[in-house]
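Open the model in your viewer and switch to a cartoon view.

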Amino acid sequence: MDEFLTSADVAKLLGVGPTSVKRWADSGLLPCLRTPGKHRRFAREEVERFRLRQREVHAPDPAQIDAWLRLLHDECGPYEVHSALLFDRSRLGSWWQVAELIAAALGEMGARWRRGEVSVLQEHAASERLSRGLARCVESLAVSPNAPRCLLATAEGDEHTLGLLLAELSLREHGWNSQWAGRMTPTPELIARIESGGCDMLALSAAEASSDAERLRNQAFTLASACQAHDVHLVLGGRGLWPEPATHLPPFSRVRDFREFHELLARLQN
């Protein structure tokens, strides 16, 4: 029986909730056996095969990206965006995969703006609709008040918070509480929050437009030192020019997409 896992074991191993494991088992994606008491049991080797399949990187379907852009540019309400997000969560099986799809849609929207196919007003309106729909999804994911806490903030000078909203979905799915420091929060205020003992993780996002490598490096090293001193895990996310971790630096994690963030959270759970 050591080679068979419970649903809770599989959920922890794959970094998802028990509902996802049940759905995969019932659909035949993840083979299982039933005990006399009707409990699911999963062969370890089958779980490992499934895990490897899940790790295969598939680019988001262009048709799905276009569908999202049509929805966001169609003056829809937050309930419609919320519904579409929930549908993709059910279809894809995890919030990090939804986040990857939405990130691809945002990248395409930015490309269309640069080509002059989307106006600034249209881009801002679409982003606002998406933000409101994402906020509704986050609010629907309840976590324990005693769960670990992650403080979310953008890099100094960065105003883009959609990446943090997408990251918040993965945090909630992994059982983390999320707290917002908002955009362009000064580093001294983040350090004061770390020193107060109010968080277990600090996640900073820098969009691709954050191209001042020296400024990002200085902020990263300052915050990494403070986090190390107070046993807080620092995560630097996004496509900005953050530094890479190195042995001579205070420890931090560097993630470039939502798959990497999901895998980091799964490792921390274990």
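In what order do the five strands of the open parallel sheet lie? The order is β5-β4-β6-β7-β8, and the pairing is parallel. Before selecting anything, note two points about the source. This is a predicted model, in which local features need pLDDT of at least 70 and side-chain atom pairs count only at pLDDT 80 or more, while totals for chains, interfaces and linings use all residues. Residues are numbered from 1 along each chain as its sequence is written, and side-chain values use heavy atoms, with hydrogens and water left out.

**Stop 1: the five-stranded sheet**

Select 177-182 and 253-255. These are the edge strands β5 and β8, and each pairs on one side only. Strands here are DSSP runs of E with at least two residues; helices are runs of H or I with at least four residues; both are numbered from the N terminus. Two strands pair if DSSP finds at least two bridges between them. Neighbouring strands of this sheet are turned by 20° against each other on average, direction ignored.

Now select 201-205, strand β6. Is this strand mostly covered or uncovered? It is mostly covered: five of its five residues are buried. Buried means under 20% relative accessible area, exposed means over 50%, and partly exposed is in between, with a 1.4 Å probe and protein chains only. Show the side chains. On one side are M201, A203 and S205, and on the other are L202 and L204; all are buried.

Five bridges join β4 to β6, and the two run parallel. C150 stands opposite M201. G237 stands opposite V255 in β8.

**Stop 2: the helix across the sheet**

Select 258-269, helix α11. This helix lies across β6, β7 and β8, running at about 145° to β8. Axes are lines fitted to C-alpha atoms, for helices over the stretch in contact, and angles run from 0 to 180 degrees between N-to-C directions.

Pick R259, which is in helix α11. R259 counts as buried because its relative accessibility is 13%. Now pick Q97 and draw a distance. R259 and Q97 are 162 residues apart in sequence and 7.3 Å apart in space, C-alpha to C-alpha.

**Stop 3: a serine in α8**

Select S170, found in helix α8 (residues 162-173). Is S170 buried or exposed? At 1% relative accessibility, S170 counts as buried. Display its contacts, meaning heavy atoms within 4.5 Å. S170 touches W95, W96, F261 and L265, not counting residues up to four places away in sequence.

**Stop 4: α5 and its two partners**

Select 78-92 for α5 and 120-140 for α7. Their axes come within 8 Å and cross at roughly 60°. The two helices are therefore oblique to each other. Angles under 35 degrees count as roughly parallel, over 145 as roughly antiparallel, 65 to 115 as roughly perpendicular and the rest as oblique. α5 passes α7 in a right-handed crossing; right-handed means the near helix is turned clockwise from the far one by less than a right angle, left-handed anticlockwise.

From α5, show P78, Y79, V81, H82, L85 and L86; from α7, show R129, L130, R132, G133, L134, R136 and C137. These contact residues divide into eight nonpolar, two polar and three charged. Ala, Val, Leu, Ile, Met, Phe, Trp, Tyr, Cys and Pro count as nonpolar, Asp, Glu, Lys and Arg as charged, and the others, Gly among them, as polar.

The crossing of α4 past α5 is left-handed. Q64, W68, L71 and L72 in α4 meet E80, V81, A84, L85, D88 and R91 in α5. By class, this contact has six nonpolar, one polar and three charged residues.

**Stop 5**

Select 4-5 and 33-34, the edge strands β1 and β2, each pairing on one side only. The open sheet has the order β1-β3-β2, with antiparallel pairing. L33 has R41 in β3 as its bridge partner. Finally, select 18-26: helix α2 packs on the sheet, touching β2 and β3, and its direction makes about 80° with that of β3.
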